[in-house]
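Please read the following note alongside the sequence and the model. The points are numbered so that each may be checked in turn.

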Amino acid sequence: MHLFWEHGFESTSLSQLKAAMGSGISAPSFYAAFESKEALYKEALDRYMEIYGHLTRSLHDPSLEPREAVFLALKRSAKMQWEGGHPKGCMVALGVMGACSSGSETITAMLRDVRSRTRAGFRACVERAIKSGELRKSTNPASMAAAFDSFFLGLSVLARDRVRLAVIEESVVEAMGIWDAALDRPDRSG
């Protein structure tokens with residue numbers, strides 16, 4: 001998982017994968033055990049989601065206030081992407097750059113599905129906030145969800161560039177200004 005996370009699907013070689021498994025596994029043994037590099041990547045992605053997928057569950061939790069759900073997903077993800085013990089960034093966000101050539105359509109589709117679920121979570125939060133009257137009715141759910149999703153994906157680049165965690169965490173607070181600018185407030189002028 002860490003090799004694919006660090007290098008992406010295409011840049012991770014069979015030699016690297018075999019070396020990480022140790023004990024001099026041969027290519028035929030590798031393929032007998034995993035079927036293909038794509039199948040191993042799917043297992044790695046499934047494991048990644050099992051360990052880190054909970055970070056965005058708040059987006060799909062109707063018991064949370066919509067703004068809080070968005071803030072928690074961004075805050076938790078930023079912290080995870082920067083902490084030690086694994087490669088910096090997000091495997092799903094960074095994987096899009098490592099699986100873009102022909103022949104990697106299956107990998108691209110897997111990553112797109114995960115990203116689509118996250119984007120749908122942002123949109124659901126915006127739609128709930130519009131429905132409850134928290135956000136203006138003129139708010140475009142797709143556009144606001146895309147803005148938060150773009151920021152969310154960009155956190156991976158900041159983490160890889162080793163931008164200080166304090167700066168990244170403050171950027172999450174700043175990004176929530178997108179939400180606050182769309183609040184349905186009564187006109188207080190005059």
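**Notes on a predicted model**

1. In this predicted model, the buried residues of helix α8 are P141, M144, A145, F148, D149, F151, F152, L155, S156 and A159. An α-helix has 3.6 residues a turn, so residues three or four places apart point the same way.

2. The elements that cover these buried residues of α8 include α5, α6 (91-95), α7, α9 (165-175) and α10 (177-181). Helix α8 itself has 20 residues and spans 29 Å from its first C-alpha to its last, which is close to the 28 Å expected at 1.5 Å a residue.

3. Leaving aside neighbours within four places in sequence, F148 is in contact with V70, L74, F122, A175, M176, I178 and W179. By contrast, F148 and V163 are 15 residues apart in sequence and 19 Å apart in space, C-alpha to C-alpha.

4. How do α5 and α7 pack? Helix α5 (residues 66-82) meets helix α7 (residues 105-132) at an angle of about 155°, and their axes are 8 Å apart. Angles over 145 degrees count as roughly antiparallel, and α5 and α7 are therefore roughly antiparallel to each other. Their crossing is left-handed.

5. The contact between these two helices is made by P66, A69, V70 and L74 of α5 together with F122, C125, R128 and A129 of α7. Sorted by class, the residues in this contact are seven nonpolar, no polar and one charged.

Technical notes:
Residues are numbered from 1 along each chain as its sequence is written. This is a predicted model: local features need pLDDT of at least 70, side-chain atom pairs count only at pLDDT 80 or more; totals for chains, interfaces and linings use all residues. Side-chain values use heavy atoms; hydrogens and water are left out. Axes are lines fitted to C-alpha atoms, for helices over the stretch in contact, and angles run from 0 to 180 degrees between N-to-C directions. Helices (H or I, at least four residues) and strands (E, at least two) are DSSP runs, numbered from the N terminus. Angles under 35 degrees count as roughly parallel, over 145 as roughly antiparallel, 65 to 115 as roughly perpendicular and the rest as oblique. A crossing is left-handed if the near helix is turned anticlockwise from the far one by less than a right angle, and right-handed if clockwise. Contact means heavy atoms within 4.5 Å. Ala, Val, Leu, Ile, Met, Phe, Trp, Tyr, Cys and Pro count as nonpolar, Asp, Glu, Lys and Arg as charged, and the others, Gly among them, as polar. The expected span of a helix is 1.5 Å times one less than its number of residues. Buried means under 20% relative accessible area, exposed over 50%, partly exposed in between (1.4 Å probe, protein chains only).
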